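Colleague: I have this one open and would like to go through it with you. Could you start with how the strands pair, and then move on to the helices?

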Amino acid sequence: AQAATAEPQEGQIRASHLLVKHNQSRRTSSWKEQQVTRTKEEAMKIIEELREKLMKSQDGEDKEKNEKALRDAFHELAQTESHCNSAKKGGDLGYFSKDVMQKPVEDAAFSLEIGQLSDPVESDSGIHLILRTG
């Protein structure tokens, strides 16, 4: 499997994600919190609230304008709310092919259309929102 790259290779997509960890995550610390104590249920509630906020960033019929608004809002929220180090890049995971990311993240990312936001996705790392960007 090939690692994530800055330029697209054949079979790769690009996505950003926002991760909220909980006390059952495989690593219960991050740049954001030294010790994560929230329950999985609390993490899911946070993710659902963030998703709602992101969906509200789209207002109107203009698909292109909505996609840009969603991408901008996602980038901003990921920088402050995501527990992943990708937060520094607005959640950007770069381009990646199959068999690089954890299976639930990969499955969700590959099933999305460009510009589409996922429902909450659970993995060993925590709970994610994924935005397909390329």
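Modeller: β1 and β2 pair in the antiparallel sense over 3 bridges, where strands count as paired if DSSP finds at least two bridges between them. Helices (H or I, at least four residues) and strands (E, at least two) are DSSP runs, numbered from the N terminus. Please keep in mind that this is a predicted model, in which local features need pLDDT of at least 70 and side-chain atom pairs count only at pLDDT 80 or more, while totals for chains, interfaces and linings use all residues. Residues are numbered from 1 along each chain as its sequence is written, and side-chain values use heavy atoms, with hydrogens and water left out.

Colleague: Which residue stands opposite D92 in β2?

Modeller: That is S16.

Colleague: And in what order do the 4 strands of the sheet come?

Modeller: The order is β2-β1-β4-β3, in an open sheet with antiparallel pairing. The edge strands, each pairing on one side only, are β2 and β3. On average, neighbouring strands are turned by 40 degrees against each other, direction ignored; axes here are lines fitted to C-alpha atoms, for helices over the stretch in contact, and angles run from 0 to 180 degrees between N-to-C directions.

Colleague: How many bridges join β3 to β4?

Modeller: There are 3, with the two strands running antiparallel, and E122 stands opposite I127 in β4.

Colleague: Back to β2, how many of its residues are buried?

Modeller: 5 of the 5 residues of β2 are buried, so β2 is largely enclosed by the rest of the structure. Buried means under 20% relative accessible area and exposed over 50%, with partly exposed in between (1.4 Å probe, protein chains only).

Colleague: What about S86, buried or exposed?

Modeller: S86 counts as buried because its relative accessibility is 6%. S86 lies in the loop between α2 and β2 (92–96), and, not counting residues up to four places away in sequence, it touches H17, G91, D92 and L93, contact meaning heavy atoms within 4.5 Å.

Colleague: On to helices: how far apart are the end C-alpha atoms of α1?

Modeller: They are 24 Å apart, which agrees with the 24 Å that the 17 residues of α1 (residues 40–56) should span at 1.5 Å a residue; the expected span is 1.5 Å times one less than the number of residues. The buried residues of α1 are A43, M44, I47, L50, R51 and L54. Seen down the axis of α1, these buried residues fall within an arc of 125 degrees, so they line one face of the helix, the arc being that of the directions from the helix axis to the C-beta atoms. The face turned away from the buried side of α1 carries the exposed residues E41, K53 and K56.

Colleague: What do the buried residues of α1 pack against?

Modeller: They pack against β1 (13–20), α2 (63–81), β3 (121–123) and β4 (126–132). The helix α1 lies across β1, β3 and β4, running at about 20 degrees to β4.

Colleague: Which residues of α2 are buried?

Modeller: Those are N66, E67, L70, F74, L77 and A78, and they fall within an arc of 105 degrees seen down the axis of α2, so they line one face of the helix. What covers them includes β1, α1 and β4, whereas E64, K65 and E76 are exposed on the other side of α2.
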